[in-house]
Amino acid sequence: MAQSAEPLISIEHVEKVYHRDQIEIPVLNDIHLDIPEGEYVALMGPSGSGKTTLLNLIAGIDQPTRGRIVVAGRDIATLSQTELASWRSHTIGFIFQLYNLLPVLTAYENVELPLLLTRLKKAERRKHVETALSIVGLSDRMDHYPRQLSGGQEQRVAIARAIVSDPTILVADEPTGDLDARSGDEILELLRRLNEEFGKTIVMVTHDPRAASRAHRMIHLDKGILHADERTETGATRPV
Amino acid sequence: MKYLGLIWRNVFRKKMRTFLTTSSIILVLVLIVILASLLQAMQADPSGGRGANRLVVQHATGLGNFLPLSQRQRIEQIPGVVAVSPETWFGGVYKDDRPENWIGQLTCDPDIYFDKIFDDATIDPKVNAEWKATRNGFVAGETIAKKFQWKKGDHIILKGTYIPLNPDLVYVGSYNAGDESNIFFHNEFLNQSQWFGANKYTGLYYLKVDSGESVPRVAAAIDKMFENSDAPTKTLTEKQFQLQFMEMMGNVKFLINGISLIILFAVTLIVANTVAMSARERITEISVMRTLGFRRGHILGFILSESVLMSLLGGILGVVIAMVLIPLLKMAGNKTSISVWLINFHVSWDTLVMAFVISVGVGILAGFIPAIRSSQRKIVDGLRQVV
């Protein structure tokens, strides 16, 4: 896939400090990172290293204390809560470790959820949902409730929900962390397809080196500092 | 509308909890609708406004004292007065003391009563004429006549209580009116008895004036005329006269409103607790929805809508149950001495609107704080609940 000259995600001198009571807890320290469009990046590091915080900042669900996060030329740190919500619905697909499907909704309704924010008519929404579910291989389970699905199937529904509005970026927070090895492999394969066949830029947090090896790049964080940024074997063959 | 399915599912997420909370709203609404309808019925004008030109003159100190019959002629001479009938509450016992045998028993002047004063009542002219001609005859409201299955010519004997007289009366026929709980018989029946008040006293005067404009002037003129006499008067409109019976029971309205407010407050707390629990259980889900792009306003709207929907469902069911219960209560009450207050005992449009406003109001009040808290929570804090 051809790469554009400007990075899709540009993180410039980002710092994040949490406040707990009177105590300041620095989580990210002067992070500088560019992610080109179409890249598949794995964020790795020990617990508390700040990788989920960095993912949340990229996804626009948290805001940096200092620095800029520019996505497709837009500094998302300057957006209001309402603008951010709208931006997320168009730009970001979020995949959680624990799937986080709404238990009262069927697989179909869970995937349809982000589309309720659009002006699409019911028939158009149906078309989008069916396409997303067919991509993840769950067309036959659309009327099932989350409790009627296995962990791997739930995560695939969550991925369908993440891609149904055709976002540019997929962010995944340990998407295989709660799955057995076989289901985990299926999810990683699905993410690879979404990256290669559908051109989605993917940023994935993982503890699992095997999962990270599927990405093009591995970025290591420790104590809020970016320690290493290396190309994987998968990424080595990819034009930069 | 596209969010209705999601809101509905969340309301019924924990069926038992929703059932119990909705049941508490149902109970409260049943109680409030019945009490409000009863209060309205007690305050309603039994003539439905058709008695606006009627006045009741009673002794200034209350209904316990009689008025001299000599006042009648002087009242009749006041400009604007169309007709005056002395009327006495006989208050006897029919059959026995059981409430289902209670009848309102009144004496009046039959020559003018249905012709000039109670002229909005419907009575067959033949029945009216026969009643006028029958000294011991009585007419009864159709409801009460049907209840006791009286047929023309039937005799009833009333046992006097404060008037020592046991009249043997013959049924002539019935009349139709808003209040059909009474029987009427001749004043002359009392006047020809050994009662101390015979030809001297009456319980009160019922009179008709020529127009609504004359009502305050005539009322003031009557009271002024007798203010320095041995029997000062208090002249009331028909509606005021009815309302004073309610006041005799104490401040019923205050009591009913007070009870209603307390139970409303209690049910608001119950619903608020349910909504708060439901929102607390869904902190992560709500954060996930916001991650997907739902705004704070969406979340606020969802939680409030769930609260209002649950409250409204309870309200609707409560009103329906009250509408079924009220005719049954009315049927039971009609057998007792309070039947006169149950004439207008039904669920009015006003009460329906009030029930709707209460249901929505309870929903909004109960859902407001959980909705605000859920919508204001930071997404990352919400996601961290399980991560």
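How many helices and strands does chain A have? Chain A has eight helices and ten strands. The model shown in these views is predicted.

**View 1. Chain A, overall dimensions.** Taken along the principal axes, a box of roughly 45 × 40 × 40 Å holds the C-alpha atoms of chain A. The radius of gyration of chain A is 18 Å. A compact globule with 240 residues would come near 18 Å, so chain A agrees with that rule.

**View 2. Chain A, burial and surface.** Of its 240 residues, 54% count as buried, that is, under 20% relative accessible area. The accessible surface of chain A is about 10,600 Å². Carbon and sulfur atoms account for 48% of that surface.

**View 3. Chain A, contacts along the sequence.** This view takes contacts between residues at least 6 apart in sequence. Among them, 69% join residues at least 24 apart.

**View 4. Chain B, crossing of helices α10 and α13.** Helix α10 of chain B spans residues 252-281, and helix α13 of chain B spans residues 349-376. Their axes come within 9 Å. They cross at roughly 35°. The crossing of α10(B) and α13(B) is right-handed.

**View 5. Chain B, residues at the α10–α13 contact.** From α10(B), the contact is made by Leu264(B), Val267(B), Thr268(B), Val271(B), Ala272(B), Val275(B), Ala276(B) and Ala279(B). From α13(B) come Ile358(B), Val362(B), Leu365(B), Ala366(B), Gly367(B), Pro370(B) and Ser374(B). By class, the contact of α10(B) with α13(B) has twelve nonpolar and three polar residues.

Conventions:
Residues are numbered from 1 along each chain as its sequence is written. Chains are lettered from A and ligands numbered from 1 in the order in which they are written. This is a predicted model: local features need pLDDT of at least 70, side-chain atom pairs count only at pLDDT 80 or more; totals for chains, interfaces and linings use all residues. Side-chain values use heavy atoms; hydrogens and water are left out. Axes are lines fitted to C-alpha atoms, for helices over the stretch in contact, and angles run from 0 to 180 degrees between N-to-C directions. Helices (H or I, at least four residues) and strands (E, at least two) are DSSP runs, numbered from the N terminus. A crossing is left-handed if the near helix is turned anticlockwise from the far one by less than a right angle, and right-handed if clockwise. Contact means heavy atoms within 4.5 Å. Ala, Val, Leu, Ile, Met, Phe, Trp, Tyr, Cys and Pro count as nonpolar, Asp, Glu, Lys and Arg as charged, and the others, Gly among them, as polar. The radius of gyration is taken over C-alpha atoms; the globule rule is 2.2 Å times the number of residues to the power 0.38. Buried means under 20% relative accessible area, exposed over 50%, partly exposed in between (1.4 Å probe, protein chains only). Accessible areas come from the Shrake-Rupley method with a 1.4 Å probe; for residues, only the protein chains shown count as cover.
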